Amino acid sequence: MDVVARLASQSAVVIFSKSTCCMSHAIKRLFYEQGVSPAIVEIDQEIYGKDIEWSLARLGCSPPVPAVFVGGKFVGTANTVMTLHLDGSLKRLLKEAGALWL
């Protein structure tokens with residue numbers, strides 16, 4: 001859990017992803033299209049990727065990726081992030097975290 005918390009707090013937006021996951025790709029693209037440059041942690045390319053995946057699962061991430069953190073706080077997985085985007089809440093969270101200025 002410590003490694004997830006440490007990584008999640010290093011940038012305004014952090015996405016835990018797998019390079020082969022289509023939903024991870026879609027979520028990364030959503031943030032890029034919003035003008036946000038998230039920090040991406042590809043857990044399938046990390047030495048401690050299995051430990052990170054286990055920690056994300058313990059946080060309630062099911063499936064464990066994509067897992068999105070904004071302002072160091074866990075926002076959710078793909079379904080939650082898409083819901084926040086559609087209802088307009090995601091932009092507010094991004095502005096509050098300093099990831100988006102406009």
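Helices (H or I, at least four residues) and strands (E, at least two) are DSSP runs, numbered from the N terminus. The model is predicted: local features need pLDDT of at least 70, side-chain atom pairs count only at pLDDT 80 or more, and totals for chains, interfaces and linings use all residues. Residues are numbered from 1 along each chain as its sequence is written, and side-chain values use heavy atoms, with hydrogens and water left out.

**Salt bridges**

- A search of the whole structure finds 5 salt bridges, a salt bridge being a side-chain nitrogen of Lys or Arg within 4 Å of a carboxyl oxygen of Asp or Glu.
- In helix α2, Glu 33 and Arg 29 lie 4 residues apart, about one turn of the helix, and their side chains form a salt bridge with an N to O distance of 3.0 Å.
- Glu 33 is exposed at 55% relative accessibility; here buried means under 20% relative accessible area, exposed over 50% and partly exposed in between (1.4 Å probe, protein chains only).
- Helix α5 (residues 89–97) holds both Arg 92 and Glu 96, 4 residues apart, about one turn of the helix; the closest N and O atoms of this salt bridge are 3.3 Å apart.
- Arg 92 is partly exposed, with a relative accessible area of 44%, whereas Glu 96 is exposed at 57%.
- Salt bridges that share partners also join Lys 18, Lys 50 and Glu 53 into one network.
- Within that network, the side chains of Glu 53 and Lys 18 meet at 3.3 Å, N to O.
- This pair links distant parts of the chain, 35 residues apart: Glu 53 is in helix α3 (residues 49–59), and Lys 18 is in the loop between β1 (13–17) and α2 (22–33).
- Glu 53 counts as buried at 17% relative accessibility, while Lys 18 is partly exposed at 23%.

**Helix α3**

- The buried residues of α3 are Gly 49, Ile 52, Glu 53, Ser 55 and Leu 56.
- These residues lie on the same side of α3 because they cover an arc of only 160° around the axis, the arc being that of the directions from the helix axis to the C-beta atoms.
- The exposed residues Lys 50, Trp 54 and Arg 58 are carried by the face of α3 turned away from its buried side.
- The elements covering the buried residues of α3 include α1 (2–8), β1 and β3 (67–70).

**Packing of α4 and α5**

- The axes of helix α4 (residues 78–87) and α5 come within 5 Å and cross at roughly 95°; axes are lines fitted to C-alpha atoms, for helices over the stretch in contact, and angles run from 0 to 180 degrees between N-to-C directions.
- The two helices α4 and α5 are therefore roughly perpendicular to each other, since angles under 35 degrees count as roughly parallel, over 145 as roughly antiparallel, 65 to 115 as roughly perpendicular and the rest as oblique.
- Val 81, Leu 84, His 85 and Asp 87 of α4 make the contact with Ser 89, Leu 90 and Leu 93 of α5, contact meaning heavy atoms within 4.5 Å.

**Cysteines**

- The structure holds 0 disulfides, a disulfide being a pair of cysteine sulfur atoms within 2.5 Å.
- The sulfur of Cys 21 is too far for a bond, because the closest cysteine sulfur, in Cys 22, is 5.5 Å away.
- Cys 61 is in no disulfide, and its nearest cysteine sulfur, that of Cys 21, is 12 Å away.
- Cys 61 counts as buried at 3% relative accessibility.
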